[in-house]
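I set down what I looked up, in the order in which I looked it up.

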Amino acid sequence: MRFMHFTVLTLFPEMFISLQESILKRAQNAGLLSVQLVNFRDYALSKHKNVDDVPYGGGVGMVLKPEPIYAAVRALPEPVGVRKVILLTPQGRVFRQSLAEEWSKCDEIVLLCGHYEGFDERIRELADEEVSLGDFVLTGGEPAAMVIIDAVTRLIPGVLGESTSPLEDSHSDGLLEYPQYTRPMEFEGKRVPEILISGHHAQINSWRRKEALRRTFLRRPDLIQDLKLVSSDYLSLEELAEENLEIAAWRETWQHLRPILKRWRSSRRNMDG
Ligand SMILES: C[S@@+](CC[C@H](N)C(=O)[O-])C[C@H]1O[C@@H](n2cnc3c(N)ncnc32)[C@H](O)[C@@H]1O
């Protein structure tokens, strides 16, 4: 059984109350996940437990001092396995599903949450990586830490239960997820696509793959260059291009699949013949 430990260095441990709900709560109760919250104010040296100070060179706002954060990191117990120390900053590499997958294989992740105007530059040296949640600025690293804990935890085997596969979610194979429907079959005149009630699993899978391609090409063209297309996508993409001019504009990006599909078909013919 895989087990993962998160340590969060924060000035506001109370904010992490949401980790005591739903799937993350279950994962902790099941012994798949543990989260330790460390208030680095406890490691401040001064009488008033100051953790921030004015910036050298002048300017507005307060900057986190290095001493308490260094002391808190140095006080962590010896790592039991692979430990990664992550600094949360809008200047870091943007957090993506691929990173969540990579980190779900670690034994421990330490998340350093900044606050106020940011942190003293020397704190960066403590981190193995600097990560941002996106191109916007939060008041503190806490919401980012919670998002990361959530995204990584649901990839730990057993956390989502037997019946749900995180591999079918948006971004896990570079595509947005296909449209999903549940009962009723008809709602305010809008019917569920017939194919989904046909019981024909191969056709349902190919419909879903085509719709996932459609969604991704129309909504997130920035993802197209990194898509892992397979030869069977060629025909779906050609159909989509006939249906939609916006998608047709991307035709170049899947033309390399044509000879692969042709070769595959002729080898199938040779095997059958
Ligand atoms: C107000 S921000 C400081 C921003 C800093 N002055 C800058 O321009 O890079 C305070 C803290 O919130 C966290 N934070 C803000 N935006 C973030 C983002 N997009 N991703 C991750 N953490 C973020 C960081 O820990 C940061 O130190």
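The entries below go from domains to sheet, ligand shell and single residues.

**Entry 1. Model and domains.** I note at the outset that this is a predicted model. I looked up the domain assignment of the protein chain and found domain 1 at 4-153 and domain 2 at 186-272. I then took the distance between their C-alpha centres, which is 41 Å.

**Entry 2. The sheet.** I asked in what order the strands of the open sheet lie. Five strands form the sheet, in the order E2-E1-E6-E5-E7, and their pairing is parallel. I next asked why one side of E2 and of E7 is left without a neighbour in the sheet. Strand E2 (33-39) and strand E7 (129-132) stand at the edges and each has a single partner strand, so one side of each has no neighbour there. From one strand to the next, I record an average twist of 30°.

**Entry 3. Strand pairs.** I went through the pairings one by one.

- Strand E1, residues 4-10, is joined to E2 by seven bridges, and the two run parallel. Within this pair I find Leu 9 opposite Val 38 of E2.
- E1 also pairs with E6, in the parallel sense, over five bridges. Here Thr 7 has Val 110 of E6 as its bridge partner.
- E5 and E6 are parallel as well, with six bridges between them. Arg 83 has Glu 108 of E6 as its bridge partner.

**Entry 4. Strand E6 and its cover.** I asked how many residues of E6 are buried. Six of its six residues are buried, so by the criterion of 20 or more other C-beta atoms within 10 Å the strand is mostly covered. In a regular strand the side chains alternate between the two faces of the sheet.

Helix H4, residues 142-153, packs on it and touches E1, E2, E5 and strand E6 (108-113). The direction of H4 makes about 160° with that of E6.

**Entry 5. The ligand shell.** I asked which residues come nearest to the ligand. There are 20 residues around it, and the nearest are Pro 90, Gly 114, Gly 118, Leu 138 and Gly 141. By class, I record nine nonpolar, ten polar and one charged residues in the shell. Strand E5, residues 83-94, gives the most to this shell, with four residues.

**Entry 6. Gly 92.** I stayed with E5 and looked up Gly 92, which has its place in that strand. I asked how many C-beta neighbours Gly 92 has inside 10 Å. The count is 17, and Gly 92 is therefore classed as partly exposed. Apart from its neighbours within four places in sequence, Gly 92 is in contact with Leu 87, Glu 130, Val 131 and Ser 132.

**Entry 7. Ser 18.** I found Ser 18 in the loop between E1 and H1. It has 13 C-beta neighbours inside 10 Å, so I list Ser 18 as partly exposed. Ser 18 and Met 146 are 128 residues apart in sequence, but their C-alpha atoms are 8.3 Å apart in space.

**Entry 8. Backbone exceptions.** Most residues other than glycine have a negative phi, and most peptide bonds are trans.

- Ser 22 has a positive phi, near 55°. Ser 22 lies in helix H1, residues 22-29. With 10 C-beta neighbours inside 10 Å, Ser 22 counts as exposed.
- Glu 188 has a positive phi, near 50°. Glu 188 sits in the loop between E8 and strand E9 (190-191). With 5 other C-beta atoms within 10 Å, Glu 188 is exposed.
- Arg 183 and Pro 184 are joined by a cis peptide bond, with omega about 5°. Pro 184 lies in the loop between H4 and strand E8 (186-187).

Key. Residues are numbered from 1 along each chain as its sequence is written. This is a predicted model: local features need pLDDT of at least 70, side-chain atom pairs count only at pLDDT 80 or more; totals for chains, interfaces and linings use all residues. A residue is near a molecule or strand if its C-beta atom, placed from the backbone, lies within 6 Å of it. Ala, Val, Leu, Ile, Met, Phe, Trp, Tyr, Cys and Pro count as nonpolar, Asp, Glu, Lys and Arg as charged, and the others, Gly among them, as polar. Domain bounds come from an automatic or database domain assignment. Two strands pair if DSSP finds at least two bridges between them. Axes are lines fitted to C-alpha atoms, for helices over the stretch in contact, and angles run from 0 to 180 degrees between N-to-C directions. Two residues are in contact if their C-beta atoms, placed from the backbone, lie within 7 Å. A residue is buried if 20 or more other C-beta atoms lie within 10 Å of its own, exposed if 12 or fewer, and partly exposed in between; C-beta atoms are placed from the backbone.
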